[in-house]
Amino acid sequence: MKAIIVTGAAGGLGARTVEFLAAGGAGVLAVDVDADRLGALGTSGDVVPHVADVNDGDAVRGAVETAVERFGHLDGIFNNAAMLGPIAPVDEYPEDAFEEIFRVNVRSVFLGMRYAVPALRAAGGGAILNTASTGGMMGWPNIAGYVSSKHAVVGLTRTVALELAGTGIRVNALCPGPMDTTMIWEVGEAMAPGDRAEQERLLAGTIPVGRLGRPEEVASFASWLLLEGPEYLTGAVLPVDGAQTTG
């Protein structure tokens, strides 16, 4: 049985990926700071909820140790925890919020890799998957903190992929486009306050296929990358975005 850590496991993409991994026969340590939402995942199959702040190095190291103790080894980590942050032009963007976004969206990815790599080496290889975004491949107005943090995740992914090339540890970045989750509706609310239909029209208008993505469309790909992706697939920045970034 493969053993995978998923951070941000209580969110839309995280929760669906946990489901796909468990259905694929994996043991999953589902990590989130929100104990209530994490508890809603239950403990069915080999899913083990684990409350931790992924911005804290000791907590991340503890999560890796817990996974190894529970499953006997570690085969992968999905560094998925993230936040959107304020929606504001750069000249009004709060300094403290910018710093917080980098702690949540970038530091957590660094720490996840920092502490998972020794366990993956001990297991003879495995997979690291980092959630970036199409916002890490292009610009998007009024979310400077989020977009710049996701560009940083792409840079971290490419760097660590080079460091680990040939070790059997694959390192890739997943770049979802706008998905039907809480985060994208925060953007939509800023675009058209109180008008869900107009929000959807405006958001879908940025996507060539004409609709938002569904979490399961991204989660199924994420679980494949974590469980089955070939060793030669590493260092990749992989959009799942309805062709949003092709133009």
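Reader: To begin, in which helix does serine 223 lie?
Author: Serine 223 belongs to helix H8, which covers residues 215-227. Helices here are DSSP runs of type H or I with at least four residues, strands are E runs of at least two, and both are numbered from the N terminus. This is a predicted model, in which local features need pLDDT of at least 70 and side-chain atom pairs count only at pLDDT 80 or more, while totals for chains, interfaces and linings use all residues. Residues are numbered from 1 along each chain as its sequence is written, and side-chain values use heavy atoms, with hydrogens and water left out.

Reader: Is serine 223 buried or exposed?
Author: Serine 223 counts as buried because its relative accessible area is 8%. Buried means under 20% relative accessible area, exposed means over 50%, and partly exposed lies in between, with a 1.4 Å probe and protein chains only.

Reader: And what does serine 223 touch?
Author: Leaving out residues up to four places away in sequence, serine 223 touches Thr17, Phe20, Leu21 and Glu228. Contact means heavy atoms within 4.5 Å.

Reader: Where is threonine 181 found?
Author: Threonine 181 sits in the loop between strand E6 (169-176) and helix H6 (182-191). Threonine 181 is counted as buried because its relative accessibility is 16%. Apart from neighbours within four places in sequence, threonine 181 has contacts with Gly12 and Pro215.

Reader: Let us turn to charges. How many salt bridges does the structure hold?
Author: The structure holds eight salt bridges. A salt bridge is a side-chain nitrogen of Lys or Arg within 4 Å of a carboxyl oxygen of Asp or Glu.

Reader: With which residue does arginine 16 form a salt bridge?
Author: One partner is glutamate 19, with the closest N and O atoms 2.2 Å apart. Arginine 16 counts as partly exposed at 25% relative accessibility, and glutamate 19 counts as partly exposed at 42%.

Reader: What about glutamate 216 and arginine 16, where do their side chains meet?
Author: The side chains of glutamate 216 and arginine 16 meet in a salt bridge, at 3.9 Å from N to O. This pair links distant parts of the chain, with glutamate 216 in helix H8 and arginine 16 in helix H1, 200 residues apart. Glutamate 216 has a relative accessibility of 28%, so the residue counts as partly exposed.

Reader: How are arginine 61 and aspartate 58 placed in helix H3?
Author: Arginine 61 and aspartate 58 are three residues apart in helix H3 (residues 57-71), which means that about one helical turn separates them. Their side chains form a salt bridge at 2.4 Å, N to O. Arginine 61 is partly exposed, with 30% relative accessibility, whereas aspartate 58 is exposed at 53%.

Reader: Which residues do salt bridges that share partners join into one network?
Author: That network consists of Arg16, Glu19, Arg211, Arg214, Glu216 and Glu217.

Reader: And how many positive and negative side chains has the protein?
Author: There are 16 positive and 29 negative side chains, and the centres of the two sets lie 7 Å apart. Lys and Arg count as positive and Asp and Glu as negative, without His and the chain ends. The place of a charge is taken as NZ of Lys, CZ of Arg, CG of Asp or CD of Glu.

Reader: A change of topic: what is the phi of asparagine 142?
Author: Asparagine 142 has a positive phi of about 75°, although it is not a glycine. Asparagine 142 lies in the loop between strand E5 (126-131) and helix H5 (144-164). Its relative accessibility is 37%, so asparagine 142 counts as partly exposed. Alanine 243, another residue other than glycine, has a positive phi near 75°. Alanine 243 is placed in the segment after strand E7 (237-240).

Reader: Finally, the whole protein. How many helices and strands has it?
Author: The protein has eight helices and seven strands. Of its 247 residues, 50% count as buried.

Reader: What does the C-alpha trace span along its principal axes?
Author: The C-alpha trace spans about 50 × 35 × 35 Å.
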